[in-house]
Amino acid sequence: MENNSLVTIAKYSKEKLLYLIEMAREFEKHPNRRLLEGRVVATLFFEPSTRTRLSFETAANRLGARVIGFADPKVTSNTKGETLKDTIMMVSNYADVIIMRHFLEGAAQYASEVSPVPVVNAGDGANQHPSQTMLDLYTIAQTQGTLENLSIYLVGDLKYGRTVHSLLTAMRHFNPTFHFIAPDELAMPKYYKMYCEEHHIRYVEHQDFDADTIAGADILYMTRVQRERFTDLMEYERVKDAYLLKRDMLAKARQNMKILHPLPRVNEIEYSIDDTPYAYYFQQARNGLYARQALICDSLGITLEEVKNDKTIIA
Ligand code: CP
């Protein structure tokens, strides 16, 4: 069922991204509906999550679906040696769509190839996180009024951060200028820089992180250093506090600038920033509900037209 699966955001055209954003807008107006009455959504999380799993599950619940799944593979027959293929085959006997997070890059692609029902990638290793990107695009459009011609500053762990890899991929349609701010050890991988070159995406690399460096940002996208991806924990210790956004660094920020973060944050944004007009990461996480409602519906073949004409809205 690869066609209705979502493994990478690269699959979507500009039109399709805008279509899904419009659908998410409909869900923001009315999140509570019975559009998925009788459907079952499975959430299989082989890696920890707060936002992604809970917002997918809330999305399904608010649309009237039932949710099955696990938040910890230790409670499943995975521990007895059951393979990913067999797990997917079993769950597809029970559910209409599978939402899966896995620590292995490529696991979502593999699952989508063996599954008879759509698979939505909820993050595969350091590779891609397409549903995060849908909520990021939704949030950027919401705060900037457009996705076109923006200056987007990606800060922190650009090597292992799957959210920045997905966002960069999706933004190719919208003529962005990227600024990559990271220490050498966490720099944007060559593969994604080549991707920028192939798609004529402008990018500038920085190591400084101060008020002057970020003064031109429309979006300042902070990321956590991904401890779980390091093979050498000494290296993690060296870079873990590489970039902390402090309140006084916002002195020269553009008025329209918004700070995003896929969360969880560890030591990237001072808490004193939370009450500034620049902070938008909690609203961003809230938008995950609407974006994921759109993605679940799309994977099940429910169209924007059907969502607009839906008569099952619950006030
Ligand atoms: N942004 C994100 O993926 O958060 P969780 O790991 O909590 O799902």
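A pocket, on a 1 Å grid over the protein atoms alone, is an open set of points with protein on both sides within 12 Å along at least five of seven lines. A molecule sits in a pocket if more than half of its atoms lie within 2 Å of its grid points.

This is a predicted model: local features need pLDDT of at least 70, side-chain atom pairs count only at pLDDT 80 or more, and totals for chains, interfaces and linings use all residues. Numbering runs from 1 along each chain as its sequence is written, and side-chain values use heavy atoms, without hydrogens and water.

**Exercise 1.** Locate the ligand and list its shell.

*Solution.* Start with the space: the ligand takes the largest pocket.

**Exercise 2.** Find polar contacts of the ligand (N or O pairs within 3.5 Å).

*Solution.* Take the ligand oxygen: a polar side-chain atom of Arg51 lies 2.9 Å from one. Then take nitrogen. A backbone N or O atom of Pro262 is 2.8 Å from a ligand nitrogen. For Leu263, a polar backbone atom lies 3.1 Å from a ligand nitrogen.

**Exercise 3.** Relate the shell to the domains.

*Solution.* The domain assignment, automatic or from a database, gives domain 1 (9-128 + 289-308) and domain 2 (130-284).

Notes. Polar contact = N/O pair within 3.5 Å; in protein donor to acceptor, adjacent residues only side chain to side chain. 1 Å grid on protein atoms, 1.4 Å probe; cavity = no way out; pocket = protein on both sides within 12 Å on 5 of 7 lines; lining within 4 Å.
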